[in-house]
Amino acid sequence: MLTALTKTGKMLCLGLNYRKETLMILRDKEEFICPICQETVILKLGDHRIFHFAHKQDSNCREFYERETYEHLEGKRQIFQWLTQQNIPCVLEYYDRTIQQRPDIMFKYKGQRFALEFQCSSLPDNVFRKRTSTYLENGYTPLWVMSSRHLHQRRNDLISLSDFHYSFLRSSSNGKLYIPAYCPKKQLFQLVESITPFSIKNSFAHLSGLSIQTAELTTILEPKNDHCVSQESWIREMEKYIFNWALHPKTEYRPFLQEVYNQGLNTFLLPPEIGLPVTHSVLIQTPPFIWQTYLFIDVLANKNPRELISLRDINSSYQKRVNRKQIILRDLPQIHNLNPIYAMIEYLQVLEKLNYLRKKGDMIFEVQKKILIPRSNREREEAKGIFLDQNKNIIFN
Ligand SMILES: [Zn+2]
């Protein structure tokens with residue numbers, strides 16, 4: 001840890017740049033106390049590690065068990081200095097005795113009180129959720145920043161994201177969903193933006209790099225850009241994914257396959273209109289081609305031109321599929337007030353842009369034409385060609 005109290009109750013914060021000589025003199029004449037457990041701690045001034053305080057071997061303090069790594073100490077120190085330089089009121093290792101939680105940094109910005117956690121080790125889901133909800137219930141805005149070490153970019157625009165990664169997903173004030181990360185070695189913030197999953201784990205995304213030297217807090221809290229998926233890449237990855245998925249379907253997807261079969265559909269012959277990217281699909285863990293197929297079966301397949309689709313239809317399909325666990329929602333501890341049904345409404349809005357539907361008032365769509373189901377590979381390829389040609393700038397812009 002980087003902060004301790006002296007016997008006279010003064011705080012010594014090693015997040016500030018002290019010279020080793022100064023600290024050696026201080027060490028000779030002061031005794032340092034852990035602000036949490038009040039035990040004596042030792043000021044470590046080694047040449048290889050960052051200066052820090054350490055509990056004695058037999059300490060029972062929870063701090064002791066956390067075993068901070070160099071990366072963690074260095075990361076929070078850099079972020080703390082970065083906030084200080086921007087004149088943002090902040091406290092390193094702020095211990096809130098009421099909730100018995102100690103964010104790495106507490107800072108105040110635009111009337112909000114933030115609890116920043118720079119997370120280097122993995123943390124069990126339930127601990128992550130508990131800490132986050134305690135912050136929220138006690139007037140803090142949590143800001144979980146992941147160590148960049150955890151980011152696994154598969155390609156320039158592709159990234160693998162696990163449940164652990166998604167715990168870091170947060171919303172800017174204008175509703176942009178992103179994951180903030182930081183690398184102390186490169187002194188670089190990294191934001192995973194415009195996350196558009198096509199499978200449970202894999203997603204299209206844009207990774208922005210912002211040097212701590214030039215980045216301001218606002219850019220980290222309020223990323224503004226939208227980065228769109230390239231149409232070609234999306235279609236290619238989606239096809240590859242569905243193909244592999246259908247070759248080796250997992251047992252839990254048997255009901256889906258059965259239903260697809262009963263509807264006279266075939267996962268190898270899905271129309272290009274099923275499996276499209278929409279902004280809020282990140283709220284749903286089930287791959288988009290599956291939940292869009294369910295939506296197709298429930299609200300679109302049996303409707304003829306001029307028939308209506310209402311929000312109630314969408315909602316009852318959504319509720320039914322979620323209750324049966326055929327659609328699984330993501331567990332996102334930092335996201336609230338966002339209903340995953342948005343993704344489905346957005347999907348219908350895409351179909352509206354593609355002229356399959358027409359808006360007939362608030363959340364009422366009128367069917368214009370039916371989505372044609374290809375009966376052979378040749379038909380599917382033809383349909384795809386036409387689809388790509390006609391809709392270039394409609395979905396992917
Ligand atoms: Zn302690």
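How many bridges pair strand β1 with β2, and in which sense do the two strands run? Strand β1 (residues 3-6) pairs with β2 over three bridges, in the antiparallel sense. The model is a predicted one. The domain assignment divides the protein chain into domain 1 (3-67), domain 2 (71-221) and domain 3 (231-395).

**Five-stranded sheet**

- An open sheet is formed by five strands in the order β2-β1-β3-β4-β5, with antiparallel pairing.
- The edges are taken by β2 (11-13) and β5 (52-55); each has a single partner strand, so one side of each has no neighbour in the sheet.
- Strand β3 (residues 32-33) is joined to strand β4 (residues 40-44) by two bridges in the antiparallel sense, and Phe32 is opposite Val41 in β4.
- β3 and β4 make a hairpin with six residues between them, and in its turn Gln38 has a positive phi of about 70 degrees.
- β4 also pairs with β5, through four bridges and in the antiparallel sense.
- In that pairing, Lys44 stands opposite His52 of β5.
- Strands of a sheet pair through backbone hydrogen bonds, either parallel or antiparallel.

- Strand β10 (residues 152-155) and strand β11 (residues 158-160) run antiparallel and are joined by three bridges.
- His152 has Ser160 in β11 as its bridge partner.
- Two residues lie between β10 and β11 in the hairpin that they form.

**Contact of domain 2 with domain 3**

- The C-alpha centres of domain 2 and domain 3 are 32 Å apart.
- Contact between them involves 21 residues of domain 2 and 17 residues of domain 3.
- On the side of domain 2 that touches domain 3, at least two residues each come from α4 (125-137), β9 (140-147), α5 (163-167), β12 (170-171) and β14 (188-197).
- Of these elements, α4 gives the most to that side, with four residues.
- Sorted by class, the side of domain 2 that touches domain 3 holds eleven nonpolar, six polar and four charged residues.

**Three-stranded sheet**

- Three strands form an open sheet, also with antiparallel pairing, in the order β16-β18-β17.
- β16 (308-310) and β17 (357-359) are the edge strands, and each pairs on one side only.
- From one strand to the next, the twist averages 30 degrees.
- β16 pairs with strand β18 (residues 364-367) over three bridges in the antiparallel sense, where Ser310 is opposite Ile364 of β18.
- Helix α11 lies across β17 and β18 and runs at about 105 degrees to β17.

**Packing of α10 with α11**

- The axes of helix α10 (residues 311-323) and helix α11 (residues 341-353) come within 10 Å and cross at roughly 135 degrees.
- An angle of 65 to 115 degrees would count as roughly perpendicular and one over 145 as roughly antiparallel; α10 and α11 are therefore oblique to each other.
- The crossing of α10 past α11 is right-handed.
- From α10, Ile314, Asn315 and Tyr318 meet Ile341, Met344, Ile345 and Leu348 of α11.
- This contact of α10 with α11 is made of six nonpolar residues, one polar residue and no charged ones.

**Packing of α9 with α10**

- Helix α9 (residues 288-300) packs on α10 at an angle of about 130 degrees, and their axes are 10 Å apart.
- α9 and α10 are therefore oblique to each other as well.
- α9 passes α10 in a right-handed crossing.
- Tyr294, Leu295, Asp298 and Val299 are the residues of α9 that meet Asp313, Ile314, Ser317 and Arg321 of α10.
- The contact of α9 with α10 divides into four nonpolar, one polar and three charged residues.
- Ile314 of α10 takes part in the contact with α9 and in the contact with α11.

Conventions: Residues numbered from 1 in each chain as written. Predicted model: local features only at pLDDT ≥ 70, side-chain atom pairs only at ≥ 80, totals over all residues. Axes fitted to C-alpha atoms, helices over the stretch in contact; angles between N-to-C directions. Parallel < 35°, antiparallel > 145°, perpendicular 65-115°, else oblique. Left-handed = near helix turned anticlockwise from the far one by under 90°. Contact = placed C-beta atoms within 7 Å. Nonpolar A, V, L, I, M, F, W, Y, C, P; charged D, E, K, R; others polar. Pairing = 2+ DSSP bridges. Domains from an automatic or database assignment.
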